[in-house]
Amino acid sequence: MNNIIQLLPDAIANQIAAGEVVQRPASALKELLENAVDAGATQIQVLVKDAGKQLIQVIDNGKGMSPTDARMSFERHATSKIRTSQDLFAIRTFGFRGEALASIAAVAQVELKTRQADSELATLIQIEGSELKKQEPISAPVGTSVAMKNLFFNVPARRNFLKSNPVEMRHIVDEFQRVALSYPEIGFTLYQQDLETYNLTPGKLSQRIVGLFGKSYQGQLVPCEEVTPHLNVTGYIGKPEHAKKTRGEQFFFVNNRYIRSSYLHHAVSSAFEGLIQADQHPFYVLFLEIDPAHIDINVHPTKTEIKFDDERTVYAVIRSAVKQALGAHHVMPALDFSV
Ligand code: ADP
Ligand code: MG
């Protein structure tokens with residue numbers, strides 16, 4: 001007999017898991033932003049250097065962590081967000097896998113500073129490639145700052161696969177926009193190489209849209225709202241004359257989580273049929289609120305896909321909400337009475 005199976009050491013297991021969670025700087029930003037939102041932050045600051053290859057830092061004024069939790073937060077499957085398998089069916093937070101910080105720390109140099117309101121001192125933790133380098137008390141404001149430096153410093157093959165700075169920066173801005181859109185009540189700033197590129201003050205969704213996409217959106221947004229027993233739809237669609245040939249300004253959020261769905265996109269574009277050219281795309285930011293029991297967000301680690309138990313109803317409600325919004329604003333062609 002010859003037994004050859006061994007459990008992988010944590011550092012290797014984390015590095016393998018990291019492949020799923022952290023594909024590029026933007027994926028780390030997404031996780032860090034979501035953690036800041038989950039922590040109840042009202043102000044979130046993002047610092048980016050070298051398109052995230054050198055630095056991604058997220059600073060929040062949320063509830064912070066105790067020294068013990070600060071260390072625990074880097075363990076795999078360590079989370080404060082779910083406790084039982086039942087909780088998986090009623091997730092109200094972004095996080096629940098407890099994998100993000102462990103994964104990021106496996107493939108980067110991470111510096112965490114965190115302080116809870118009732119403690120005088122903050123905790124500093126430095127981890128590189130899953131290896132704890134330093135843990136000590138320091139003084140820092142209430143909240144949490146996570147700096148991720150030199151992503152893939154220990155996985156050169158993956159570092160080489162990162163795209164050019166403009167491409168990586170585009171992904172970073174996309175993630176930033178998605179989170180900023182879904183939380184207009186939170187203030188966000190984004191600095192690139194010390195240059196402020198966004199400064200979004202807390203406000204209404206329409207103000208956030210203008211803050212993110214520019215003044216040309218002012219007066220171009222039509223509110224969209226539909227309440228049904230199964231789901232609620234709220235948000236804005238752009239007026240048909242504002243439709244563009246390029247894609248990229250179409251956003252669905254399900255329970256405040258950004259999702260991608262060509263099926264639901266079709267529900268919106270079909271409502272715009274006849275109002276815009278076939279090669280144009282309407283602007284929309286639509287929020288679907290649905291009982292978490294009717295969705296499964298556990299299908300993919302990066303969680304931009306989602307399963308609905310009744311996709312056709314969701315499609316119909318979205319289409320009708322958009323049609324009504326267009327109709328209410330007298331932008332439907334006079335002879336079109338179709339539903
Ligand atoms: P998850 O978010 O899935 O729980 P993470 O690895 O992202 O897993 O984070 C692990 C834990 O660390 C979280 O459950 C939370 O308790 C804590 N944590 C992470 N980021 C922050 C933060 N910015 N503020 C407060 N607590 C945080
Ligand atoms: Mg998380």
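Ala 51 counts as buried because it has 24 C-beta neighbours inside 10 Å. Here, a residue is buried if 20 or more other C-beta atoms lie within 10 Å of its own, exposed if 12 or fewer, and partly exposed in between, with C-beta atoms placed from the backbone. Ala 51 sits in the loop between β1 (43-49) and β2 (55-60), and although Ala 51 is not a glycine, its phi is positive, about 50°. Ser 130 is another non-glycine residue with a positive phi, near 70°. You'll find Ser 130 in the loop between β4 (122-128) and β5 (131-138), and it counts as buried because it has 23 C-beta neighbours inside 10 Å.

| Residue | Phi | C-beta neighbours inside 10 Å |
|---|---|---|
| Ala 51 | about 50° | 24 |
| Ser 130 | near 70° | 23 |

Keep in mind that this is a predicted model, where local features need pLDDT of at least 70, side-chain atom pairs count only at pLDDT 80 or more, and totals for chains, interfaces and linings use all residues. Residues are numbered from 1 along each chain as its sequence is written, while chains are lettered from A and ligands numbered from 1 in the order in which they are written.

Now for the domains. The protein chain splits into domain 1 (10-200) and domain 2 (215-328), with bounds from an automatic or database domain assignment. Their centres, taken over C-alpha atoms, are 28 Å apart. Eleven residues of domain 1 are in contact with twelve of domain 2; contact means that the C-beta atoms, placed from the backbone, lie within 7 Å. On the domain 1 side, α1 (10-21) and α6 (165-182) are the elements giving two or more residues, and α6 gives the most, with three.

Next up is helix α9 (residues 311-328). Helices (H or I, at least four residues) and strands (E, at least two) are DSSP runs, numbered from the N terminus. Buried residues in α9 include Val 314, Val 317, Ile 318 and Leu 326. Among the elements covering the buried residues of α9 are β9 (221-227), β10 (231-238) and α8 (262-271).

How confident is the predictor? The chain averages a pLDDT of 92, and 95% of the residues score at least 70; pLDDT is the predictor's confidence in each residue, from 0 to 100. Over residues 334-339, pLDDT stays under 50.

How values were computed: Contact = placed C-beta atoms within 7 Å.
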